[in-house]
Amino acid sequence: MENPIVTPSELKTEEFVVNIGPQHPATHGVLRVEATLDGEIIKDVLPHLGYIHRGIEKMTESLGYKQSIFLTSRMDYLSAHINNHVCALAIEKAAQIEVPARAKAIRIIMDELQRLTSHELWWGSCAMDIGAVTPFFLAFRDRERILELFEQNTGNRLTMSYIIPGGVMNDVRPDFVPKLKALIKSIKEYRKEYDQLITGNFIFQHRTQGIGILSKEQAISLGCTGPTARASGLSCDIRKLYPYDGYEKLDFKEVIDYGCDNWARYVVRMEEMNQSIHIIEQLLDNLPTGDYRTKLKGVLKLPAGEYYQRVESARGELGVYIVSDGGAKPYRMKFRTPCYSNLGAVKPISVGMKIADLMANMATIDLVIPDMDR
Amino acid sequence: MIKEELKHYLEQTFPNSKVDETFDFPVLFITKEELIPVMKQLRDAPETKFNFLFCETAVDRNPEFEMVYHLSSTYYHHDMMVKVVLEDRENPVIESVYSLWEAADLYEDEIYDLFGIRFTNHPNLRRIFLTEEWVGYPLRKDYQDDRIISL
């Protein structure tokens, strides 16, 4: 080093821009990320949206309230039940509709099964983004069994539109409870495989621990919710803070981790799957009997006013803000989707990291593109 | 604070502003000039600590626009709404709240794209969903598009 040809201070690097997406497997859909790099180090990240913008908020303005439910299934297609649920709850609150106890229990079971499918898919795709291929097949194998149960009981696998104002679309089949019991038993067996394969994996831990730090202050400022924010120590579980449909009667833990990194977000989601199983088990043995929905009039009109309803989606706080002018169609319907707020966290946690960590960061935030674009 | 307490508190603290309520939240109406000081006060005052902007949107009340800010507190878990009426339909402009909440970056991009409301002091205002050449702002009530087919 005494007579170097060029000293480090003379060495110059040049920033360059890499377009990731819109057709890139790691963006899980049609998101384009414009990453400015200096060598391998990320300097700036700018997400571009709109590749799957369908104008759902505009469309609801020309549809009735009951019809809007069917559009919400298409927002976050991995948690369609929960999307339907928020819309149904808001309409019920505004029109003061009582929901039968059986419908409430079925709704919670479906919500939690949906959270399981969503987190299972996330687990597979997160591991695949980091470089492990096998988990993806395991996740799809297990998710398929829950989707089969959805198909038998609701008629659809992905966009169920099963939870409607007043209750649920149809009663569950007579063999729902025994089948679900068998399913829960096998899910518990599968969960051990997940931990053997990935959680204890040395490479995976090194790719995630200490990477993608999102502090609690940043999470609050960015409006992050869901497992992303709970991994930064922010208590924001809507099921605990603003309970709906009888969550207050159930015993479950709000999973909070203070690690703030990718590993913490992984741990929170894995533990949330256990909590979902725990919630379903409480409801299975004492599923109330009776009606599964309240009969409603053909055209539903909400009293003039403004209503906001929120639920805990698989990704965070999902809210719907309805402005009604007393007519049969919403004057304005705004969906506060969790992914759109969480997307803001990608830049602050990635700047200064290596390009390969950007994939891990986006994977653990669990972005679903149609949920952002609407 | 529960809704009634919060409404009472807002009436006491902002005597010159109109305070109303919706089904869920108390609503504070302010002018666009006092947006940043009032928001800063709501965020930092020890009684309220509204440090979480969880939803920001606009409503087209033809002819005027209404900016709607949903605020929440991670300390007390109470919520409220702040509304600003923008009367200039041709050229609606309002200050960005990015200096208080980073979440406003994406929220305001969306409002600019779909309502055409411009935000001053915003770090990167762009049409986030539609193309830059898109004519009109779709969520406005008077938006016309020949390609819309109604059955």
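Predicted model: local features only at pLDDT ≥ 70, side-chain atom pairs only at ≥ 80, totals over all residues.
**Exercise 1. Overall form of chain A**

Determine how many helices and strands chain A has, and how compact it is for its length.

Solution. Begin with the secondary structure: chain A comes to 15 helices and eight strands. Next, take the radius of gyration, which is 22 Å; the globule rule gives 21 Å for 374 residues, so chain A is as compact as a globular protein of that length. Along the principal axes, the C-alpha atoms of chain A fill a box of roughly 85 × 50 × 35 Å. Then turn to burial: 59% of the 374 residues of chain A count as buried. Finally, consider the contacts in chain A with a separation of 6 or more: residues 24 or more positions apart account for 71% of them.

**Exercise 2. Overall form of chain B**

State the pattern of helices and strands that chain B follows, and how compact it is for its length.

Solution. First, count the elements: chain B has three helices and seven strands. Read along the sequence, they follow the pattern α-β-β-α-β-β-β-β-α-β. The radius of gyration of chain B is 16 Å, close to the 15 Å from the globule rule for 151 residues, so chain B is as compact as a globular protein of that length. The C-alpha trace of chain B spans about 50 × 35 × 25 Å along its principal axes. Of the 151 residues in chain B, 54% are buried. As for charge, chain B has 16 positive and 30 negative side chains, and the centres of the two sets lie 1 Å apart.

**Exercise 3. Strands S1, S2 and S3 of chain A**

In which sense do S1(A) and S2(A) pair, and in which sense do S2(A) and S3(A) pair?

Solution. Start with S1(A), residues 15–20, and S2(A), residues 32–38: they pair in the antiparallel sense over six bridges. One bridge joins A:Glu15 to its partner A:Asp38 in S2(A). Continue to S3(A), residues 41–48, which pairs with S2(A) in the antiparallel sense over seven bridges. Here A:Leu37 stands opposite A:Ile42.

**Exercise 4. Strand S7 of chain A**

Which residues of S7(A) point one way, which point the other way, and which strands pair with S7(A)?

Solution. Recall first that side chains alternate between the two faces of the sheet in a regular strand. In S7(A), A:Glu317, A:Gly319, A:Tyr321 and A:Val323 point one way, while A:Leu318, A:Val320, A:Ile322 and A:Ser324 point the other way. Eight of the eight residues of this strand, residues 317–324, are buried. On pairing, S6(A), residues 305–312, joins S7(A) in the antiparallel sense over eight bridges, with A:Arg310 opposite A:Gly319. S6(A) and S7(A) form a hairpin with four residues between them, where A:Gly316 in the turn has a positive phi of about 150 degrees. S8(A), residues 332–336, also pairs with S7(A) in the antiparallel sense, over five bridges, and A:Ile322 stands opposite A:Met333.

**Exercise 5. The residue A:Arg230**

Is A:Arg230 buried or exposed?

Solution. Locate A:Arg230 in helix H9 of chain A, residues 226–230. Its relative accessibility is 0%, and buried means under 20%, so A:Arg230 counts as buried. Leaving aside residues up to four places away in sequence, A:Arg230 touches several residues, including A:Asp237, A:Glu254, A:Asp257, A:Glu272 and A:Glu312.

Technical notes. Residues numbered from 1 in each chain as written. Chains lettered and ligands numbered in written order. Heavy atoms only, no water. Pairing = 2+ DSSP bridges. Helix = DSSP H or I, 4+ residues; strand = E, 2+ residues; numbered from the N terminus. Rg over C-alpha atoms; globule rule 2.2 N^0.38 Å. Buried < 20%, exposed > 50% of the residue type's maximum accessible area, 1.4 Å probe, protein only. Contact = heavy atoms within 4.5 Å. Lys, Arg positive; Asp, Glu negative; His and termini not counted. Charge placed at Lys NZ, Arg CZ, Asp CG, Glu CD.
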